[in-house]
Amino acid sequence: MNDDIDRELPMRVGDALRDAEETLAVAESCTGGLIGATITAIPGASDYFEAGLTTYAYDAKRRHLGVSREALDEHGAVSEPVALEMARGVRDVTDVTWGLSVTGVAGPTGGTDADPVGTVYVGVSYAGPWGTNTSEATVSRYEFDGDRAVIRAKTVEQALEDLIAAIDRIH
C-alpha cells in the first residue's frame, strides 16, 4: 500500500467531522482496511477517526460488531441487513458518532445471480444525542464494474461520499 491516495474526499470527511466535533469508526469487509487507510492518510485524522475493524469472516462480524447469526444465516455477509448491523455495531462498540460499513463481492469469483461480482452494500449509522430519538442507520446497494482493485477503490470512494452526504443531511 502506498500513500498515492486522492486526498480531496478524505479531507472533506475530516473537515465535516472536525467542524461538527464528531467521530468515526469503520467496519470493512471487501475493502480490507482501505477506507481506514484512506482516512488516516490525512494528517490530523486522530482528531475524528477512532477505529477501523476489518471483519472479513462471519465469525469476526459476530464477535467484533455484534452482527447476528440470523442475519448472516438468512441473508449472507453481502446483504443489506448485514451492512446495517455492521454500521450500527462499529458505531456502538467503539462509542463514536458515525459508523461506516462496507460488505460486497470484489471478485473475481464469489458472485451470484442476485449479487454479482461488483455488488457492494454501504452502511452509514449516526448516534444522535441521548433522548433525541435522532439516531439512524441506512444502507445503499451499488454494482460496480471492473477488476478487484477497481471495485475496491470505487467502494472506498462511494462509502466516503455516502458518509459526507449523511453528515451534510444531519447538520
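How many residues of strand β4 (residues 119–126) are buried? Select that strand in the viewer and keep the question in mind while the setting is described.

The model is a predicted one, in which local features need pLDDT of at least 70 and side-chain atom pairs count only at pLDDT 80 or more, while totals for chains, interfaces and linings use all residues. Residues are numbered from 1 along each chain as its sequence is written, and side-chain values use heavy atoms, with hydrogens and water left out.

**Whole chain**

Begin with the whole protein chain in cartoon view, where 6 helices and 5 strands can be traced; helices (H or I, at least four residues) and strands (E, at least two) are DSSP runs, numbered from the N terminus. Followed from the N terminus, the elements come in the order α-β-α-β-α-α-α-β-β-β-α. The radius of gyration, taken over C-alpha atoms, is 15 Å, close to the 16 Å given for 171 residues by the globule rule (2.2 Å times the number of residues to the power 0.38), so the protein chain is as compact as a globular protein of that length. Along the principal axes, the C-alpha atoms fill a box of roughly 40 × 40 × 25 Å.

**Strand β4**

Now return to β4, where 8 of its 8 residues are buried, buried being under 20% relative accessible area, exposed over 50% and partly exposed in between (1.4 Å probe, protein chains only). In a regular strand the side chains alternate between the two faces of the sheet. With side chains displayed, Thr119, Tyr121, Gly123 and Ser125 point one way from β4, whereas Val120, Val122, Val124 and Tyr126 point the other way.

Next select strand β3 (residues 98–104), which runs antiparallel to β4 and is joined to it by 7 bridges; two strands pair if DSSP finds at least two bridges between them. In this pairing Leu100 stands opposite Val124 of β4. Strand β5 (residues 136–143) also runs antiparallel to β4, with 8 bridges joining the two, and here Val120 stands opposite Tyr142 of β5.

**Ala60**

Finally, move to helix α3 (residues 58–65), in which Ala60 has its place. Ala60 is buried, with a relative accessible area of 11%. Apart from its neighbours within four places in sequence, Ala60 is in contact (heavy atoms within 4.5 Å) with Thr55 and Leu65. A distance drawn from the C-alpha of Ala60 to that of Val102 spans 14 Å, and the two are 42 residues apart in sequence.
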